[in-house]
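Please keep the sequence and the model in view while reading.

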Amino acid sequence: MRATSAGGVSGVVAPPDADVPGDTVQRLVVAGLHKSFGTRSVLKDVSLSVGPGELVAVLGPSGAGKTTLFRCAAALLSPDKGTVSVAGARLADLRGGTRRLARRRVAVIFQQYNLVRRLSALQNVLAGRLGYVPAWRGWLRRFTREDTIFALECLERVGMLEYADQRADTLSGGQQQRVAIARALAQRPVVILADEPVSSLDPRSSESILELLRAIAHADGVAVVCNLHQVHLACEYADRLIGLAQGRIVIDIPAALVDAAAVARIYPQAEITDTQV
Ligand SMILES: Nc1ncnc2c1ncn2[C@@H]1O[C@H](COP(=O)(O)OP(=O)(O)OP(=O)(O)O)[C@@H](O)[C@H]1O
Ligand SMILES: [Mg+2]
């Protein structure tokens, strides 16, 4: 874990099981992915790769296949063809404990936060450590002192330490998303997949969540892939933009190079205004 202070967010102290890959290893590689549901072909030969410290935004019209791509990348869905590799290891080749190890290094953040409503912020973040503790400890919610301190550090990092004991369902949407990010950090991920993380938030909260995700990518060397609907936010916060249209990648370029022509390739039917780019 790189412990710099990019974006004002410093790296947290990791427990000793640090098996972080070297900086030259791509964190996420998707190669030749195909996925159909019945006769509908949703992903068609999708390939992408995300390196350490990169925040990549995936853009595309509704139904383009973004969530399907995320679910395949998170191993929540099996592709019909193609491979997903995390930190150099092909998920399909891994079995048992090694597969679980690779999967826990991919953290997923959703639009609706997916916190356990009746549990506190801290207990939700500790859930991010479940892949690291023996099952019986998880069932009994008996986490080590080290895990608890780490979870508190993750909450502090997202600015939520003072809410550690508050029930998740009494937090605001932006606060819940911060707790979800802290839970992702507690997994000590090499990849964070965020599927529309700001779609339920107001503009100010959206910006602060994206700022946080960018700081985590840049400070920790995590590969963050973020599915967004707002082109202007993608251009402002992402290092690179990937456009998905009808299940195919139509652009994959640095955010600084995005122009109206690039946006028109992603949204061919839409009228693009100056404020969107
Ligand atoms: N489990 C499923 N069974 C059948 N069809 C599915 C399933 N999951 C997704 N699809 C179909 O796959 C296509 C792509 O869906 P997906 O959710 O990946 O789109 P998306 O790009 O995430 O859209 P949005 O921006 O609206 O979230 C859609 O036509 C959808 O109906
Ligand atoms: Mg979706």
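Tyr 113 sits in the loop between strand S6 and helix H3 (121-126); helices (H or I, at least four residues) and strands (E, at least two) are DSSP runs numbered from the N terminus. The model is a predicted one, in which local features need pLDDT of at least 70, side-chain atom pairs count only at pLDDT 80 or more, and totals for chains, interfaces and linings use all residues. Residues are numbered from 1 along each chain as its sequence is written, while chains are lettered from A and ligands numbered from 1 in the order in which they are written.

Is Tyr 113 buried or exposed? Tyr 113 counts as buried because it has 22 C-beta neighbours inside 10 Å. The cut-offs are 20 or more other C-beta atoms within 10 Å of a residue's own for buried, 12 or fewer for exposed, and partly exposed in between, with C-beta atoms placed from the backbone. Leaving out residues up to four places away in sequence, Tyr 113 touches Gln 176, Gln 177 and Ala 180, where contact means C-beta atoms, placed from the backbone, within 7 Å. Gly 173 is 60 residues from Tyr 113 in sequence, with 8.1 Å between their C-alpha atoms.

For the chain as a whole, 43% of the 277 residues count as buried. The secondary structure comes to nine helices and 10 strands. Among contacts between residues at least 6 apart in sequence, 67% join residues at least 24 apart.

Six of the strands form an open sheet with mixed pairing, in the order S6-S7-S8-S3-S9-S10; two strands pair if DSSP finds at least two bridges between them. Strands S6 (106-110) and S10 (248-254) each have a single partner strand, so they stand at the edges with one side left without a neighbour in the sheet. From one strand to the next, the twist averages 15 degrees. S6 runs parallel to strand S7 (residues 191-195), and five bridges join the two. One of the partners across this pair is Leu 193 in S7, bridged to Val 108.

Helix H1 (residues 66-73) lies across strands S3 (55-59), S7, S8 (223-227) and S9 (240-245), at about 150 degrees to S7. Such angles run from 0 to 180 degrees between N-to-C directions, with axes fitted to C-alpha atoms, for helices over the stretch in contact. Six of the eight residues of H1 are buried, among them Leu 69, Phe 70 and Cys 72. Just after H1, Ala 75 takes a positive phi of about 60 degrees.

H1 also gives the most to the shell around ligand 1, with three residues. Which residues surround ligand 1? They are Phe 37, Val 42, Gly 60, Ser 62, Gly 63, Ala 64, Gly 65, Lys 66, Thr 67 and Thr 68, a residue being near if its C-beta atom, placed from the backbone, lies within 6 Å. By class, the shell has three nonpolar, six polar and one charged residues; Ala, Val, Leu, Ile, Met, Phe, Trp, Tyr, Cys and Pro count as nonpolar, Asp, Glu, Lys and Arg as charged, and the others, Gly among them, as polar.

The largest nonpolar core has 83 residues, of which Val 125, Ala 182, Leu 193, Leu 213 and Val 224 touch the most other members. Such a core is a set of buried Ala, Val, Leu, Ile, Met, Phe, Trp, Tyr and Cys residues joined through C-beta atoms within 7 Å. Helix H7 (residues 203-220) gives the most to this core, with eight residues.

Notes. Contact = placed C-beta atoms within 7 Å.
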